[in-house]
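Please consult the sequence and the structure shown here before reading on.

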Amino acid sequence: MGNRSGVLELAVLGLLHEAPMHGYELRKRVNAQFGWGRVLSFGSLYPCLKAMLRNGLITADPGTPESGRRPKIVYTITADGKDYFAHAMHEAGPSAWEDDTFGVRFSFFGRTDPATRLRILEGRRTRMEERLANFRSAMSRTAERVDTYTLELQRHGLESAEREVRWLNELIDGERRQQRPPEQHQPPTQGDSR
C-alpha cells in the first residue's frame, strides 16, 4: 500500500464504501478530502479505476443520461472490494504511517479497529520523532552556513513536526483511554471516611 497508486486505490475504495460515485465526483471528493487538488488528475484516476475493475474490486454501471449528454459511469464497491479494503485497513506496518499513506488511512480510522489505530498512531509518532531529531541535527550543523530563508524553512519543518508529535500524543492518549476498561467504582465501606 506504500505506492501512490495503492494509496489512491485505498482512497477510492474508502469513498465508494460510503456510496457509489461517478469518476468526476470521485476525483472531486479525493481532492477535497485528501488535498490532492493539484496532483490527482483524471489521467491518474481512470487507470486506477480500470485496474480496480479488472481486479473485481469495483463495478462500473452506466448511469442515467443527462439532457443530451452521454451517461456518466457510476462506480460501486464489490464484496471483494470491501474485503480488500477491510484487510488493507487492518495492516499496521511502516507503510501505514508514511507521509503518502497516513492521511488516507487516518481519514478512514472509523473503519479501523482500535488496536490497529493505536499501532499506526504510535508508528507515525516514532517516524515524526525521527524527523524531529533529523531537523534539529541539520539545524545545529548548518545554522551558520545557510541564508535566512533556508534557516526559516528548516525552522518551519521543525515546528510542523513538533506540532504533529503533540497532536499524535493527544490522539494516542485518547485511544488508550478508550481501550482501557472502565475502573470499577468501589462503594465506601462503613467507617470509611472517603
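How do the residues of the lining of the largest pocket divide into nonpolar, polar and charged?

## Basis of the report

This is a predicted model, in which local features need pLDDT of at least 70 and side-chain atom pairs count only at pLDDT 80 or more, while totals for chains, interfaces and linings use all residues. Residues are numbered from 1 along each chain as its sequence is written, and side-chain values use heavy atoms, without hydrogens and water.

## The largest pocket

The lining of the largest pocket comprises 5 nonpolar, 2 polar and 3 charged residues. Its members are His22, Gly23, Tyr24, Tyr46, Arg69, Arg70, Pro71, Lys72, Ile73 and Tyr75. At least two lining residues come from each of α2 (23-34) and β3 (73-77). The volume of this pocket is about 220 Å³.

A pocket is an open set of points on a 1 Å grid, where a 1.4 Å probe fits, with protein on both sides within 12 Å along at least five of seven lines; lining residues have an atom within 4 Å of a point.

## Helices α5 and α6

Helix α5 (residues 99-107) packs with helix α6 (residues 114-142) at an angle of about 145°, the axes being 12 Å apart. Contact, meaning heavy atoms within 4.5 Å, involves Asp99, Phe102, Arg105 and Phe106 of α5 together with Thr116, Ile120, Leu121, Arg124 and Arg131 of α6.

## An aromatic pair

The structure holds 6 aromatic pairs (ring centres within 6.5 Å; planes under 30 degrees apart are stacked, over 60 edge-to-face, the rest tilted). The Phe102 and Trp167 rings have centres 6.4 Å apart and planes at 85°, so this pair is edge-to-face. Phe102 lies in helix α5 and Trp167 in helix α7 (residues 148-179), so the pair ties together parts 65 residues apart in sequence.

Key. Axes are lines fitted to C-alpha atoms, for helices over the stretch in contact, and angles run from 0 to 180 degrees between N-to-C directions. Helices (H or I, at least four residues) and strands (E, at least two) are DSSP runs, numbered from the N terminus. Grid points are joined across faces, edges and corners, and a volume is the space filled by probe spheres set on the points. Ala, Val, Leu, Ile, Met, Phe, Trp, Tyr, Cys and Pro count as nonpolar, Asp, Glu, Lys and Arg as charged, and the others, Gly among them, as polar.
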